[in-house]
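Student: Could you show me how to read the features of a protein model, one at a time?
Tutor: Gladly; let's look at it together.

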Amino acid sequence: MEELLVGVDWSQSHYDIAVVAPNGALLSQFRIAKTAPEFSLLAEKIDKFGVPAGNCLIGLETAHNILIDFLWSRQYAAYVIAPSIVKSSRGRFGNSGAYNDAKMLT
């Protein structure tokens, strides 16, 4: 695999992570706490796919977060996506009015 897509949904207490292949197949889904050891666990789980950090495209809704600094320090291609853009995309990528993060990622 040459590229990996990673979505990060954040809350006050944790991050929900989805790792997706370029063809849209969900490869892994997990949750990490907002701690340095958990950030390292995230990097380990991503690295197991054998894709260079620069080819791991990571989307996160906020730049005001220590996780984005961690990802950039590890040379991941992490991009901040404005929450308004994410919200406006839900109607195009969902098949019903029901909101569910897991369904949005598949």
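Student: Is Phe 39 buried or exposed?
Tutor: Phe 39 is buried, with a relative accessible area of 5%. Buried means under 20% relative accessible area, exposed over 50%, and partly exposed in between, with a 1.4 Å probe and protein chains only. Tyr 15 is buried as well, at a relative accessible area of 1%.

Student: What kind of model is this, and how are residues numbered?
Tutor: This is a predicted model, where local features need pLDDT of at least 70, side-chain atom pairs count only at pLDDT 80 or more, and totals for chains, interfaces and linings use all residues. Residues are numbered from 1 along each chain as its sequence is written, and side-chain values use heavy atoms, leaving out hydrogens and water.

Student: How many aromatic pairs does the structure hold?
Tutor: A pair of aromatic rings is described by the distance of the centres and the angle of the planes. Rings of Phe, Tyr and Trp (its six-membered ring) pair if their centres lie within 6.5 Å; planes under 30 degrees apart count as stacked, over 60 as edge-to-face and the rest as tilted. The structure holds two such pairs. Tyr 15 and Phe 39 make a tilted one, with 6.0 Å centre to centre and 55° between the planes. Tyr 15 belongs to strand E2 (residues 14-20) and Phe 39 to helix H1 (residues 36-47), so this pair ties together parts 24 residues apart in sequence. Helices (H or I, at least four residues) and strands (E, at least two) are DSSP runs, numbered from the N terminus.

Student: What about the rings of Phe 39 and Phe 70?
Tutor: Their centres are 5.6 Å apart and their planes at 45°, so the pair of Phe 39 and Phe 70 is tilted. Phe 39 lies in H1 and Phe 70 in helix H2 (residues 66-73), so parts 31 residues apart in sequence are tied together.

Student: Which charge lies over the face of Tyr 15?
Tutor: A charge sits over a ring if NZ of Lys or CZ of Arg is within 6 Å of the ring centre and within 35 degrees of the ring normal. Lys 34 lies over the face of Tyr 15, at 5.2 Å from the ring centre. Over the face of Phe 30 lies Lys 45, at 4.2 Å from the ring centre.

Student: What is the order of the strands in the sheet?
Tutor: Strands of a sheet pair through backbone hydrogen bonds, either parallel or antiparallel. Two strands count as paired if DSSP finds at least two bridges between them. Here an open sheet of five strands runs in the order E3-E2-E1-E4-E5, with mixed pairing. Strand E3 (26-33) and strand E5 (77-80) are the edge strands, each pairing on one side only. Strand E1 (residues 4-10) and E2 pair in the antiparallel sense over six bridges.

Student: Which residues of H2 are buried?
Tutor: They are Leu 67, Ile 68, Phe 70 and Leu 71. These cover an arc of only 160° around the axis, which puts them on the same side of H2; the arc is that of the directions from the helix axis to the C-beta atoms. On the other side of H2, Ile 66 and Ser 73 are exposed.
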